[in-house]
Amino acid sequence: MDSRTSLPLLFDDKVSEGGGTQNNISQNNISQNNISQNNISQDKISETKTAELQKLALKVDACKKCLLCNDRKNAVLGEGAISPELLIVGEAPGFFEDQQKRPFVGRSGKLLDHLIETCLNMKREDLYIANVVKCRPKDNRTPTKIEINSCLVYLNKQVELLNPKLILTLGNTAFRALVDTDLGITKARNNLYSYRNITLVPTFHPSAALRGGKSVVDLMEVDFKKVRSILG
Ligand code: URA
Ligand code: SF4
């Protein structure tokens, strides 16, 4: 079944504040209690998420759902914060990612790190980085539709667990895996999309910028700054 969407966007920016002056002491006690209860439930949620992500990593390590399993050294689930505001989605692991079992650690990764730091004012560990397929296609060919559809269940589980505020897709393969369109990035990057009710911003793949030079890097900078301003 195709779970891709391209729905219009809704933003939810409701903030609620409590107030009052009576019974300050007992209210303080109650709010102290609430804080420690909140901490306990936050800790519990984090523990569960970490455990679920570890379980998912083991599943991906053992996965033989498509032929990409034959040539991998390592499956690469992804890495980063467990409650990130931003999920970055690339295409597939390359040579260095397959060797090191980490996403975006080669030349594309260096450019990605630079954009994350200079345009988002973040570090890679503040967000989560994953790919649409978890195993490296030989010679870095584009993954097929069959491979993408076999693997998408894992990215969907990551989206569900991480529940980011925004998804940034890198390149046509990642974009078209999540949004049902034939539009290319050059046109698509003027719009916002949605995947499973999460705002989705498409931009170029860093490898296109490494090939295309400064003009592509400049456009990626514009898109990363757009992400920064949407996140607030
Ligand atoms: N290119 C990708 O799409 N993903 C990686 O992890 C590395 C290079
Ligand atoms: Fe499994 Fe995805 Fe690797 Fe294919 S690419 S073997 S579906 S983990």
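Two strands are taken to pair if DSSP finds at least two bridges between them, and helices (H or I, at least four residues) and strands (E, at least two) are DSSP runs, numbered from the N terminus. This is a predicted model, in which local features need pLDDT of at least 70, side-chain atom pairs count only at pLDDT 80 or more, and totals for chains, interfaces and linings use all residues. Residues are numbered from 1 along each chain as its sequence is written, while chains are lettered from A and ligands numbered from 1 in the order in which they are written.

**View 1. Strand β4 and its two parallel partners.** Strand β2 (residues 86–90) pairs with β4 in the parallel sense over four bridges, and five bridges join β4 to strand β6 (residues 198–203), again running parallel. L168 of β4 stands opposite I88, and in β6 the bridge partner of L168 is V201. Strand β4 (residues 166–170) is mostly covered, with four of its five residues buried (a residue is buried if 20 or more other C-beta atoms, placed from the backbone, lie within 10 Å of its own).

**View 2. The largest nonpolar core.** A nonpolar core is a set of buried Ala, Val, Leu, Ile, Met, Phe, Trp, Tyr and Cys residues joined through C-beta atoms within 7 Å. The largest one holds 49 residues, of which L87, I88, V89 and V132 touch the most other members. Helix α4 gives the most to this core, with six residues.

**View 3. The surroundings of V132.** Leaving aside neighbours within four places in sequence, V132 is in contact with several residues, among them V89, E91, I148, C151, L155 and A177 (two residues are in contact if their C-beta atoms, placed from the backbone, lie within 7 Å).

**View 4. The shell around ligand 1.** The residues surrounding this ligand include G90, E91, P93, E97, F104, S108 and N131 (a residue is near a molecule if its C-beta atom, placed from the backbone, lies within 6 Å of it). By class, the shell around ligand 1 divides into four nonpolar, five polar and two charged residues, where Ala, Val, Leu, Ile, Met, Phe, Trp, Tyr, Cys and Pro count as nonpolar, Asp, Glu, Lys and Arg as charged, and the others, Gly among them, as polar.

**View 5. The shell around ligand 2.** Of the 14 residues around ligand 2, C63, C66, C69, C135 and C151 come nearest. Helix α4 (residues 145–162) gives the most to this shell, with three residues, and the shell as a whole has nine nonpolar, one polar and four charged residues.

Conventions. Buried ≥ 20, exposed ≤ 12 C-beta atoms within 10 Å, placed from the backbone.
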